[in-house]
Amino acid sequence: SYKMETIDPIARPNAIKLPVVEIDSDGDIIQEWKSLMECSRETEIDNGNLSRVCNGKLKHIKGRFFKFK
């Protein structure tokens, strides 16, 4: 059977970490995080949905806008 692995950035120190920024409606940066996982932990937003917003598949989540820097 197939077993899904949880990707843990601590266990994968060479994983690519793209900075994530929260932006307002004018496009100004509100806050910045070193990685998507760090942003997910601090904002308590699901990392999958956060990734969809950063990749342009969703416009926003919980009324907040994010993108990769």
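How many helices and strands make up the secondary structure of the protein? The protein has two helices and three strands, where helices (H or I, at least four residues) and strands (E, at least two) are DSSP runs, numbered from the N terminus.

## Model and overall layout

This is a predicted model, in which local features need pLDDT of at least 70, side-chain atom pairs count only at pLDDT 80 or more, and totals for chains, interfaces and linings use all residues. Residues are numbered from 1 along each chain as its sequence is written, and side-chain values use heavy atoms, with hydrogens and water left out.

Read from the N terminus, the elements follow the order β-β-α-α-β. Of the 69 residues, 25% count as buried; buried means under 20% relative accessible area, exposed over 50%, and partly exposed in between (1.4 Å probe, protein chains only). Among contacts (heavy atoms within 4.5 Å) between residues at least 6 apart in sequence, 27% join residues at least 24 apart.

## The hairpin

Strand 1 (residues 20–23) pairs with strand 2 (residues 29–33) in the antiparallel sense over four bridges. Two strands pair if DSSP finds at least two bridges between them. I23 has I29 of strand 2 as its bridge partner. The two strands form a hairpin with five residues between them, and G27 in the turn has a positive phi of about 90 degrees.

## Nonpolar core

The largest nonpolar core has 10 residues: V20, W33, L36, C39, I45, L50, V53, C54, I61 and F66. Such a core is a set of buried Ala, Val, Leu, Ile, Met, Phe, Trp, Tyr and Cys residues joined through side-chain atoms within 4.5 Å. Helix 1 (36–43) and helix 2 (47–54) each supply at least two residues of this core, and helix 2 gives the most, with three. Leaving aside neighbours within four places in sequence, V20 is in contact with residues including W33, L36, C39, C54 and F66.

In helix 2, L50, V53 and C54 are buried. These residues cover an arc of only 95 degrees around the axis, so they are on the same side of helix 2; the arc is that of the directions from the helix axis to the C-beta atoms. The cover over the buried residues of helix 2 includes strand 1, helix 1 and strand 3.

## Aromatic pair and cysteines

The structure holds one aromatic pair. W33 and F66 form this pair, which is tilted, at 6.0 Å centre to centre and 50 degrees between the planes. Rings of Phe, Tyr and Trp (its six-membered ring) pair if their centres lie within 6.5 Å; planes under 30 degrees apart count as stacked, over 60 as edge-to-face and the rest as tilted. W33 lies in strand 2 and F66 in strand 3 (residues 65–68), so the pair ties together parts that are 33 residues apart in sequence. Both W33 and F66 are buried.

The count of disulfides (cysteine sulfur atoms within 2.5 Å) is zero. C39 is in no disulfide, and the nearest cysteine sulfur, that of C54, is 6.7 Å away. C39 is buried at a relative accessible area of 0%, and C54 is buried at 11%.

## Positive phi in the loops

Most residues other than glycine have a negative phi. E44, not a glycine, has a positive phi of about 60 degrees. E44 is in the loop between helix 1 and helix 2 and is exposed, with a relative accessible area of 68%. K62 has a positive phi near 55 degrees. K62 is in the loop between helix 2 and strand 3 and counts as exposed at 64% relative accessibility.
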